[in-house]
Amino acid sequence: MKKIKAPFTEAEALNLAAGDRVLLSGVIYTARDAAHKILVEMLARGEELPFPLKDQVIYYVGPTPAPPGRAVGAAGPTTSGRMDKYTPALLAAGMRAMIGKGSRSEEVVEAIKKYRGVYFAAVGGAAALLSRQIKKMELVAFPELGPEAVYRMTVEDFPLFVINDCYGRDFYREGVKKYKCLSPFAKQL
Amino acid sequence: MRKIGWEKIKETVKILCQQSNFCLRDDVLRALRAAQEKEISPAGREVLAQLVENAAVASEEKIPLCQDTGLVTVFIELGQDVCIEGGFLYDAVQEGVREGYLEGYLRKSVVADPIRRTNTGDNTPAIIYTRLVPGDRLRITVMPKGGGSENMSALKMLKPADGLEGMISFVLETVEKAGPNPCPPIVVGVGVGGDFALAAHLAKKALLRPVGTKNPDPFWAGVEEDLLAKINSLGIGPAGFGGRITALAVHIETHPTHIACLPVAVNISCHATRSAEAIL
């Protein structure tokens, strides 16, 4: 288990390999589909983003509203593939890592290699458990997007798995390869 | 005629929305625990342990199991001898969903238009299916379902000549293509027969059947068992990190169909397969 602090630099990314289990502490930002679209449009227009992107970790999450007395409601990862269209542009602009669930496109995997990024997965659907590791949540931008607004989160020992490292490895593919055992009855896939 | 009040229906729907999001179904929790015994991949075992703990934390602290508290589908079985007093049945259902989501701090995940995409702000409208049945009771089943697993679902109009083999291949292809995205271990609902629309409806309804129960027809029960074994040989595993437990169950529902048709629909549900039911 590796403990790392967010935000983090290229040097840190070089130390992470697909399959590593990581506990992440520090500050991360949330963004999903709608926020990604706006951020990438702002970059294309050469505008300044509502938060500094350099070395930051973006968490693909739309939390449930925080009940009274809690920092956040349930906050597990959403499916990352929907952000694929926007991800290379954000990596090119300095983003270091992403937290989500599910596989990424070839373009994203290439961009992760090129810009020395990392793609982490948190366990999808373990949202009540994960919310315990989120200590603080503040609105940063786009409140009109409701659950899709951008928040700054302070996390402590947030449990992650490295899926795509900056060497081009993919933990999902490796896992499936290791455990695939077609029964004699199964049709060739 | 037996009378049921509008307010009672609204309150029931509200409670069911919250209950289904905070408390994992007993049958699903049992299946996750059983999976812990069977899973051989270390990462897979860790995921299953997190999911079992997540269910405990969610119900104790009244925090949703998953932040995607879903688009709500409500299945209603209305006894023909029931009279609804005080307003329209569907308004009671929508108001119950609205209050359930606002007061329960559940996420509002519905946009008013599929292309223009403005959030409705209260998680309505729910999708309502009503079936008229004999008797004087009202059965309400609330099923919130997340977008991640819904997006991995598929429907295909097969040729009758494709037969059982074609049907099995299509289900396997759909699950393999979904990979880690729908939050495995999944529950696979399969609708076979009827028409284009009914096959999808049956696939969805199949997810309501308790995990661990079989199709009453021994032929289809056998197909369910065979498909589950095949899916669990794909290697996807819990959270897609590799492993033997990719699915907790395969549920098949069938219906007579046209001589030219073999519709097959696959509705995938995540490990947090949620529903709650009440009979008034």
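Which side chain does a polar contact of 3.0 Å join to that of B:Ser275? The partner is B:Arg25, whose side chain is joined to the side chain of B:Ser275 by this contact of 3.0 Å; a polar contact is here a pair of N or O atoms within 3.5 Å, where within protein one must be able to donate a hydrogen and the other to accept it, and where residues adjacent in sequence count only if both atoms are side-chain atoms. The model is a predicted one, in which local features need pLDDT of at least 70 and side-chain atom pairs count only at pLDDT 80 or more, while totals for chains, interfaces and linings use all residues. Residues are numbered from 1 along each chain as its sequence is written, chains are lettered from A and ligands numbered from 1 in the order in which they are written, and side-chain values use heavy atoms, with hydrogens and water left out.

To place B:Ser275, look in chain B at the loop between strand 9 (262-269) and strand 10 (276-279), where helices (H or I, at least four residues) and strands (E, at least two) are DSSP runs numbered from the N terminus. B:Ser275 has a relative accessible area of 14% and therefore counts as buried, since buried means under 20% relative accessible area, exposed over 50%, and partly exposed in between, with a 1.4 Å probe and protein chains only. If neighbours within four places in sequence are left aside, the residues in contact with B:Ser275 (contact means heavy atoms within 4.5 Å) are B:Ser20, B:Arg25, B:Val142, B:Met143, B:Pro144 and B:Leu208.

Two other residues of chain B can be set beside this one. B:Lys230, found in helix 8 of chain B, is buried because its relative accessible area is 6%, and its side chain makes a polar contact of 2.8 Å with the side chain of B:Asp226. B:Ala112, in the loop between helix 4 and strand 4 of chain B, has a relative accessible area of 59% and so counts as exposed. Not counting residues up to four places away in sequence, B:Ala112 touches B:Thr118 and B:Thr120, while from B:Ala112 to B:Leu198 the separation is 86 residues in sequence and 25 Å in space, C-alpha to C-alpha.

The backbone also deserves a careful look. Most residues other than glycine have a negative phi, and most peptide bonds are trans. In chain A, however, the peptide bond from A:Ala6 to A:Pro7 is cis, with omega near -5°, and A:Pro7 lies in the loop between strand 1 (2-6) and helix 1 (10-14) of that chain. In chain B, the bond that runs from B:Thr124 to B:Pro125 is cis with omega near 0°, and B:Pro125 belongs to the loop between helix 4 (89-103) and strand 4 (127-133). A:Phe142, which is not a glycine, has a positive phi of about 60°; this residue sits in the loop between strand 6 (134-141) and strand 7 (150-164) of chain A, and with a relative accessible area of 12% A:Phe142 is buried. B:Ala239, which is not a glycine either, has a positive phi of about 60°, lies in the loop between helix 8 (218-231) and strand 8 (247-257) of chain B, and is buried at a relative accessible area of 11%.

How many residues does each chain bring to the contact between chain B and chain A? Chain B gives 46 residues and chain A gives 48 residues, and the area buried between them is about 3,900 Å², with 61% coming from carbon and sulfur atoms; buried area is the accessible area (1.4 Å probe) that two parts lose on being put together, summed over both. Of the area that chain B buries against chain A, B:Gln67, B:Tyr105 and B:Phe241 supply 19%, more than any other three residues. Between the two chains there are 4 salt bridges, a salt bridge being a side-chain nitrogen of Lys or Arg within 4 Å of a carboxyl oxygen of Asp or Glu. A:Arg70 forms a salt bridge with B:Glu61, and the closest N and O atoms of this pair are 2.8 Å apart. On the side of chain B that touches chain A, helix 3 (42-61) and helix 6 (163-178) each supply at least two residues, and the largest share, 11 residues, comes from helix 3.
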